[in-house]
Amino acid sequence: MTTLRDAPPAMTRPRPPAPQEGPRRALRPVRTALAYLCLLVVTLLVLVPFAWMVSSSLKPGNQVFTVPIEWIPHELRWSNFAEIWERIPMLTYLGNSAFLSVTITLLQVLTGSFAAYGFSKVRFPGRDTLFLAYMATIAVPWQAYMVPQYIMMQRAELTDTYWSIILLQAFGAFGVFLMRQYYLSIPDDLCEAARIDGLTEYGIYWRIMLPLSKPALASLALLTFVNTWNDYMGPFIYLTSNDLWTVQLGLRSFVGQYDTEYAMIMTGSVLSVLPILVVFLFGQRYFIRGIATSGLKG
C-alpha cells in the first residue's frame, strides 16, 4: 500500500512558449544594438562642432576655413594657448564670468526654491492664479522688455556695474516652475506632520524640503550656471568697462574692423568651455536624477 508520501511526483510538462515570444526575444538584441547605434550617431553629430573648435584652436589664423576641412592640422600650433593670455586679460575675464555665474546661480536657487515652496505647499487665496500669471512671463520674449529694463537700471545708476545683471537675473520663472513640480511630488503629510510638531514654514522649507530636493536643486543650479556663463547680450548691454567684461565679451577683442582672428577666438572658446565641462562632470549624477525622477513617492 502506497501512501501519499511514497507516491511519485506528478509529471508536469513545461508550458510551450507563446507563438510570438521566440521572435521577440530574438529581435531584442537587434533593437538594443540599433538603439545604441542611433545614440552613437547623434552623439557624434553633437560633438562635430566641438571637434572643429578644438581643431581650429590649433591652427594658424589663415587655415581655419580651409576647404576641405583639415580636422588634424599638419602642424599643431600649441602656442595659441600661451599667446592668448598675453593678448588679452583672459584670467580677468574668466574670473568675472565665474563671479557672475556663481552669484546668480546661488540667488536663483534660493529664490526659485523658496517661491516654489509657497506655490506648492502653502495655501493662500489666489495662489494658482498668481502662479499662472508668473509662468506667463516665460512666453514674453526678452527683447520685448530689454529697453525698459535698461532705462530702469540707467536711472538707478547701476549700469556698468555687476548689480544691473545680478538684480535682473536673480529671479527666474523657470526655476520656480522646476522646483514647484518637484515639490508637488513630495507628500503633503510631511509638511502637516511638521506643522503639528510646531515647526514654522521657514523651518519646513529649510529642514525638510531642501534636503529632499537635492537632485532638483542640482539641476536648476547646473542649468543656471551654464546659461549665465554663456550669456553675451546681458554683459554686452550693461557692462562697458574692460575690467568688468566676461569671457564672451573679451573674445570680441579679436574681431577687428577689417579682419577677424578666428584661431584665437576658437582658442578662447576652448578655454571657456573647460569650466562648464568640469561643473557638469561633477554634477551630472544629481542632474540626471533631478530630470529623471519625480521626488519622494508617497
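Guide: A residue counts as buried when its relative accessible area is under 20%, as exposed when that area is over 50%, and as partly exposed in between. The model is a predicted one, and the part to look at is N80, which lies in helix α2. N80 has a relative accessible area of 1%, so it counts as buried. Leaving aside neighbours within four places in sequence, N80 is in contact with S57, L58 and K59, and also with A263, M264 and T267.

One of those partners, M264, leads on to F254, because contact here means heavy atoms within 4.5 Å and M264 is also on the contact list of F254. With neighbours within four places again set aside, F254 touches I84, R87 and I88, then D259, T260 and E261, and finally M264 and I265. F254 is also a member of the largest nonpolar core, a set of 33 residues in which I84, M90 and F254 touch the most other members. Helices α1 (21–57), α2 (79–87), α3, α6, α10 (214–229), α12 (247–250) and α13 (262–292) each supply at least two residues of this core, and α13 gives the most, with seven residues. A second, separate core has 18 residues, among them A116, Y182, I186 and Y205.

W78 has a relative accessibility of 55%, so it counts as exposed. Another tilted pair is formed by F99 and Y162, at 5.5 Å centre to centre and with 45° between the planes. This pair links distant parts of the chain, with F99 in helix α3 (residues 90–121) and Y162 in helix α6 (residues 162–169), 63 residues apart. F99 is partly exposed at 42% relative accessibility, whereas Y162 is buried at 16%. Elsewhere, ring pairs link F114, Y117, Y202 and Y205 into a cluster, and Y205 is also one of the members of the second core. Two arginines are placed over rings as well: the charged end of R180 sits over F131, 4.1 Å from the ring centre, and R252 lies over the face of W245, at 5.1 Å from the ring centre.

Most residues other than glycine have a negative phi, and most peptide bonds are trans. The peptide bond from V67 to P68, however, is cis, with omega near -5°, and P68 lies in the loop between α1 and α2. In the loop between α5 (146–155) and α6 lies E157, which has a positive phi of about 55° although it is not a glycine. D160 lies in the loop between α5 and α6, and its phi is also positive, near 60°. E157 is exposed, with a relative accessible area of 70%, while D160 is partly exposed at 24%.

Of its 298 residues, 35% count as buried, and N80 is one of the buried residues.

Definitions and conventions: Residues numbered from 1 in each chain as written. Predicted model: local features only at pLDDT ≥ 70, side-chain atom pairs only at ≥ 80, totals over all residues. Heavy atoms only, no water. Buried < 20%, exposed > 50% of the residue type's maximum accessible area, 1.4 Å probe, protein only. Phe/Tyr/Trp six-rings, centres within 6.5 Å; stacked < 30°, edge-to-face > 60°. Helix = DSSP H or I, 4+ residues; strand = E, 2+ residues; numbered from the N terminus. Lys NZ or Arg CZ within 6 Å of the ring centre and 35° of its normal. Core = buried A, V, L, I, M, F, W, Y, C linked by side-chain atoms within 4.5 Å.
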